[in-house]
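Hello,

Here is the structure for you to look over. My notes follow below.

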Amino acid sequence: MRKALNFRTGRVVAIVRSGLALALLATTWTLESERSTGDAAARLVAAGYIVAAFALLGVTLLSWWQTHRLRLVALAIDAAVLFAALALPAPPPPAMAGVLMALYAFILLGAAIGWPRNGAPIAALVVVAGHALAVAAVPLAPGLSQWLGPHLMAMIALAGLVAWMGQRIGKIRPPRLDLPDEGEWPEALSAMLDFVSEQAEAAGAAAAWQPDDEPWVFLHTAGTLGDSHERLGPDQFPPAAQELAGTVLFDRRRQRQLVLLDSGAVVARKGALVHPLLTRCSAPSGLLLTVRAQGGTCTLLLTGVEDVAADHLRLARAAGVEIGHALDRRAVMVITREADRTRIRDTLARDLHDSVAQSLAGASFRIEALRLALANGRAIDADLDALQRSLEREERTVQRLILQLRDRDQPDRPCDLVSELDTTLNDTGARWGIACALTADPGLPTVPLLALHEFEQILREAVANAVRHGNAARVDVHLRKGEGQIVLDIIDDGTGFPARPRPLQPRSIAARVADMGGRMTVESQPGRSVLHLAVPDRWSAA
């Protein structure tokens, strides 16, 4: 029973109408009426209403097309019965009065369901205005005007409530859909079809995704349309002759369409719906809608919906809106993931350049110096021991990088910035065979391991550049606190940067400083080059 009535308000409205007609007839036959002169007319009205109610019920069971076309006729019949009952020559008995108020509420709700945007206010205005006119201008039976007055006030109050509720009818909110952001389009399209098929209770579904930046159409089908995925060219899936006006419920054999427009109105149209997706899937009837999202357009086809009705238009549109949001979220996730991958690749490249590559270059530099020393007959045992220790320290550095990549290190572990940088600077100087010294002001904070790693890599790259490109023999580093900053001055006695109006900044060092939110300036002249670095101090106690 629930499945037969779910999202089939036309059928529910017809059943309630039939119940009201039976209740109206029962009050005219079972009660001892106080207005015997109107009993026959009341029974005639009730009997006619039953015939019309059951005829409309039959229509809702047979045709969604006629159900939509006869909405206004059905509403007019309901209103005519209400006015006819009130036009009888005596006030209605209490039991019938209750049925008539229920019929009035039913008219308002039926109008709100049939025309969600403004049906209830218009129906309320017509019915209440008719009653007010009857009270003010029409000669009524004795006692009827006194009966209509209080009921008119109640009707006005009820009209306001139903009109407010009518603005919310048809606002369906399906559950959230999260598409897989990994993998290719078949996985995402399959998840979309599973979602929309479940929401609309469709036996078959198809999705045609057309990216904005590609000529291809990715067609995915499921259910009774077959489980398949194809990539089609423009010749296999030509563009539609015209864009869909909205969500469409169609019957190509009978050439009928119900179109849910963007305004919320549902209009009936005759003619066979033409679309390449329908031709490709050989779909005689069903629902068709277009979903626009970031990066492309998706056309959805739903077939095999049991007892399909006009309500499925809003249901399909709501599911389509959620699919559009899911596609947008997927696009953002893909872009974010690609950005993360690019950032990780850049970070790895920087770390390999500033540590492993520079260490190997330094080792090569030292080995060449040792070869010359050996050729001159100088003992090199102490130099070999120093080189071995340097390589062992570099091995530990590489192991730490590996631990960070595996997320096994402690990135927030506090480290003493001065002592750690002093060790790193001395090791780097020993590797390159130059003198290095660090001076630091008191009161410098401890920093997390990840921040220390950035400072260390900056020092390694600066020393390597000074030796390899500037033939420096000494590097001095001054570390101090500024106003909300940690300032690092790296000074070497090399040949300096190439002469330019603005000296070039070392790319790797500049990128690390920028990632830390800092700034760097370069001063260069033969015999003295200075890298002035300032990064925000996020680690000192407030």
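In which loop is Asn471 found? Asn471 sits in the loop between H14 and strand S12 (474-481). Helices (H or I, at least four residues) and strands (E, at least two) are DSSP runs, numbered from the N terminus.

This is a predicted model: local features need pLDDT of at least 70, side-chain atom pairs count only at pLDDT 80 or more, and totals for chains, interfaces and linings use all residues. Residues are numbered from 1 along each chain as its sequence is written, and side-chain values use heavy atoms, with hydrogens and water left out.

Back to Asn471. Its phi is positive, about 55°, although Asn471 is not a glycine. Asn471 is exposed, at 63% relative accessibility. (Buried means under 20% relative accessible area, exposed over 50%, partly exposed in between, with a 1.4 Å probe and protein chains only.)

Ser282 is also not a glycine, and has a positive phi of about 55°. Ser282 lies in the loop between helix H10 (276-281) and strand S7 (285-293). Its relative accessible area is 59%, so Ser282 is exposed.

Now the helix pair. H13 (residues 417-432) packs with H14 (residues 449-470) at about 30°, axes 10 Å apart. Axes are lines fitted to C-alpha atoms, for helices over the stretch in contact, and angles run from 0 to 180 degrees between N-to-C directions. H13 and H14 are therefore roughly parallel (angles under 35 degrees; over 145 is roughly antiparallel, 65 to 115 roughly perpendicular, the rest oblique).

Last, the cysteines. There are zero disulfides (a disulfide is a pair of cysteine sulfur atoms within 2.5 Å). Cys281 is buried at 14% relative accessible area. Cys298 is buried at 0%.

Best wishes
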